[in-house]
Amino acid sequence: MLEEPLPGGYVNGAVLVEGTVRKSPTARSPYVRRLLGLFEEHNLPGAPRHLGSDAQGREVLEYVAGYVPLEGGDPAVRTDDALREVCALVRRAHDFTEGHPLAEGGEVVCHNDLSPRNTVYRRDGTLLKPVALIDWDLASPGLRIHDVAHLCWQFLGLGPGTDAAWAAGRLRLVSDAYGLTVDDRGRLVPTVLWWQERTTNGIRAGARGGDPALQDLVRAGVPDQIHAARTWVAERRQALEADL
């Protein structure tokens with residue numbers, strides 16, 4: 001069978017085989033398998049189906065056709081309509097898992113890696129419409145604000161080069177589109193900062209521990225880039241929170 005490497009995966013390298021995605025299993029794979037099975041059982045749109053395992057023991061997933069903006073900076077994913085649509089996908093998944101045993105006492109099951117590169121878009125007239133969230137490899141019980149803050153960081157490009165006034169307006173748009181509570185709106189920017197620090201420390205710790213993929217990220221300067229983004233957010237926190 002012809003295998004075509006799929007770009008963008010940091011957790012477990014993915015390949016396209018006969019219209020399906022194959023991934024090496026991780027310690028989280030049984031949990032992710034149950035989660036995707038739950039979504040499929042109840043016909044919840046917005047996530048790929050889990051199709052079992054292949055002869056090599058790899059996870060077999062539905063390939064969701066469409067456009068995945070791997071570089072993340074495509075302005076089409078930052079339009080007001082596109083942001084509202086992706087918030088709707090996230091809110092639907094959160095609401096569905098609230099109180100479910102897979103949430104393990106947390107508020108919901110979080111994706112934990114929401115970004116344009118983990119979202120499949122399709123053309124809807126002149127607009128790009130998000131149709132699925134992919135790469136649920138890091139999914140775990142968590143708080144709604146965790147996913148919403150990660151979404152804001154990644155989809156809005158919170159860091160050097162982004163206009164703070166524009167970002168403040170989009171933070172309000174996301175908060176409204178998702179339906180964040182007043183308390184969570186007050187925690188939104190601090191949770192972005194938490195994610196940026198957590199991600200930087202995690203990459204560096206994993207690289208020191210010998211993970212070759214994370215060592216590549218360190219060599220590419222990714223932790224330094226995230227640290228710069230965190231500094232940008234911290235210095236502009238008041239402006240970013242102005243419209244919340």
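I take buried as under 20% relative accessible area, exposed as over 50%, and partly exposed as in between, with a 1.4 Å probe and protein chains only. With that I looked up R34, which at 47% relative accessibility counts as partly exposed.

**Ground rules.** I am working on a predicted model, where local features need pLDDT of at least 70, side-chain atom pairs count only at pLDDT 80 or more, and totals for chains, interfaces and linings use all residues. Residues are numbered from 1 along each chain as its sequence is written, and side-chain values use heavy atoms, with hydrogens and water left out.

**R34 again.** I placed R34 in helix α1, residues 29–41. Helices here are DSSP runs of H or I with at least four residues, strands are E runs of at least two, and both are numbered from the N terminus. I then checked R34 against L102: they are 68 residues apart in sequence and 8.3 Å apart in space, C-alpha to C-alpha.

**The sheet.** I traced an open sheet of 5 strands in the order β1-β2-β3-β5-β4, with antiparallel pairing. Two strands count as paired if DSSP finds at least two bridges between them. Which strands stand at the edges? They are β1 (3–6) and β4 (50–53); each has a single partner strand, so one side of each lacks a neighbour in the sheet. The twist from one strand to the next averages 30°.

**Strand by strand.** I counted 4 bridges between β1 and β2 (residues 14–17), an antiparallel pair. P5 has V15 of β2 as its bridge partner. Another 4 bridges join β2 to β3 (residues 20–23), again antiparallel. There, A14 is partnered by K23 of β3. The β2–β3 hairpin has 2 residues between the strands, and E18 takes a positive phi near 50°.

I also looked at the side chains of β2. In a regular strand the side chains alternate between the two faces of the sheet. A14 and L16 point one way from β2, V15 and V17 the other way, and all are buried.

G52 sits opposite V60 of β5. The β4–β5 hairpin has 5 residues between its strands, with G57 at a positive phi near 80°.

**Helix α1 on α2.** Axes are lines fitted to C-alpha atoms, for helices over the stretch in contact, and angles run from 0 to 180 degrees between N-to-C directions. The axes of α1 and α2 come within 12 Å and cross at roughly 100°. That makes α1 roughly perpendicular to α2. Angles of 65 to 115 degrees count as roughly perpendicular, under 35 as roughly parallel, over 145 as roughly antiparallel and the rest as oblique. I found L35, L38 and F39 of α1 meeting A93, F96 and T97 of α2. Contact means heavy atoms within 4.5 Å.

**Helix α2 on α3.** I next took α2 (residues 80–97) and α3 (residues 144–156), which pack at an angle of about 160° with axes 11 Å apart. That makes α2 roughly antiparallel to α3. Which residues of α2 and α3 make the contact? From α2 come L83, V86, C87, V90, R91, H94 and D95; from α3 come R144, D147, L151, F155 and L156.
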